[in-house]
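Opening my notebook on a new structure today.

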Amino acid sequence: MKLQDKVAIVTGAGSGMGEAIAKRYAKEGAKVVLADLNEANLKRVVSEIEEAGGVAIGVLANVAKEEDVERLVDETMKAYGKLSILVNNAGIMDNFKTVGSLDDETWDKVIAVNLTGPMKLSRAALKVMTEAQEGVIINNASIGGLFGARGGAAYVASKHGLIGLTKNMAVTHGKDGKIRVNGIAPGAVNTHIGETITAPDPLGMEIIQQTGQSLTAEADQIAGVALFLASNDASFVNGHIIVADGGWTAR
Ligand SMILES: NC(=O)c1ccc[n+]([C@@H]2O[C@H](COP(=O)([O-])OP(=O)(O)OC[C@H]3O[C@@H](n4cnc5c(N)ncnc54)[C@H](O)[C@@H]3O)[C@@H](O)[C@H]2O)c1
């Protein structure tokens with residue numbers, strides 16, 4: 001088991017990639033703290049992990065709220081006494097809004113959840129990790145963090161920011177090799193995030209459709225990447241963004 005004796009927080013673990021990552025980590029021996037806004041899904045995923053023989057708790061938390069991210073780390077320490085791995089996975093989309101059609105509310109919310117939340121949760125986690133001189137942070141970004149045409153303005157900006165944050169934390173907090181910070185840039189993945197696209201901006205949609213996407217992954221295919229980055233197999237990987245897009249960016 002690759003994560004024996006490790007303790008991991010996974011945000012957005014009630015659905016999609018977060019759920020798959022939490023389940024994969026538990027299967028590999030980690031004690032997992034699942035965080036999400038959706039209480040029913042949290043309960044479901046925790047009980048599915050327990051039924052499969054894993055160890056997990058669920059914490060109802062909004063990553064965009066400072067008091068929630070502080071409580072999340074506190075509850076992890078109370079339950080398991082340490083924090084080895086943080087996966088900043090929770091994220092939301094923006095209806096592909098262009099700057100021309102963007103309202104402040106969408107911008108503020110997307111930046112708060114996709115960028116400010118991971119910064120604040122990493123800040124809380126790094127206090128514990130720095131003291132323990134051990135830790136891995138994994139940020140689930142997107143190919144929208146590398147290309148302009150894979151989301152709306154707020155989503156693309158938030159994911160570019162998350163990739164910058166990943167590299168900055170890697171070179172500052174990971175400079176002695178004890179703490180590692182990496183990112184994942186998935187292409188299209190079959191999850192529930194598409195259901196949150198309610199009124200897509202026509203220009204934003206047109207650009208997405210022009211650039212196309214040939215393959216769609218299942219969430220567990222991204223969980224495999226998150227397992228590699230969390231494990232000692234990646235012990236010399238720091239500040240790196242693994243693109244997992246079935247070849248889209250290679251075209
Ligand atoms: N699905 C894709 O095609 C795709 C591609 C690239 C990157 N991503 C990124 O992967 C991550 C996971 O997305 P997914 O596709 O699995 O989506 P999903 O919608 O299936 O799951 C996201 C989970 O995050 C939770 N969540 C949302 N806002 C939250 C908040 N403020 N606090 C706590 N939890 C919150 C939701 O309740 C949900 O359970 C996101 O960051 C997303 O941007 C998705």
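I start with Trp-248, which is buried, with a relative accessible area of 8%. This is a predicted model, so I keep that in mind throughout.

Next I looked for ring partners. A pair of aromatic rings is described by the distance of the centres and the angle of the planes. I get one aromatic pair for this structure. The partners are Phe-147 and Trp-248: their ring centres are 5.2 Å apart and the planes stand at 80 degrees, so I noted the pair as edge-to-face, since over 60 degrees is the cut-off for that label.

Where do Phe-147 and Trp-248 lie? Phe-147 is in the loop between strand E5 (135-140) and helix H5 (153-172), while Trp-248 is in the segment after strand E9 (241-244), so the pair ties together parts 101 residues apart in sequence.

Trp-248 has another contact in my notes. The charged end of Arg-150 sits over the Trp-248 ring, 4.7 Å from its centre.

Then on to the backbone. Most residues other than glycine have a negative phi, so I wrote down the exceptions I came across. Phe-96 is not a glycine, yet its phi is positive, about 55 degrees. I found Phe-96 in the loop between strand E4 (85-88) and helix H4 (104-132). Gln-133 also goes on the page, with a positive phi near 55 degrees, and its place is the loop between H4 and E5.

Buried or partly exposed, I asked of Phe-96 and Gln-133? Phe-96 is buried at 9% relative accessibility, whereas Gln-133 is partly exposed at 37%.

Methods: Residues numbered from 1 in each chain as written. Predicted model: local features only at pLDDT ≥ 70, side-chain atom pairs only at ≥ 80, totals over all residues. Heavy atoms only, no water. Phe/Tyr/Trp six-rings, centres within 6.5 Å; stacked < 30°, edge-to-face > 60°. Helix = DSSP H or I, 4+ residues; strand = E, 2+ residues; numbered from the N terminus. Buried < 20%, exposed > 50% of the residue type's maximum accessible area, 1.4 Å probe, protein only. Lys NZ or Arg CZ within 6 Å of the ring centre and 35° of its normal.
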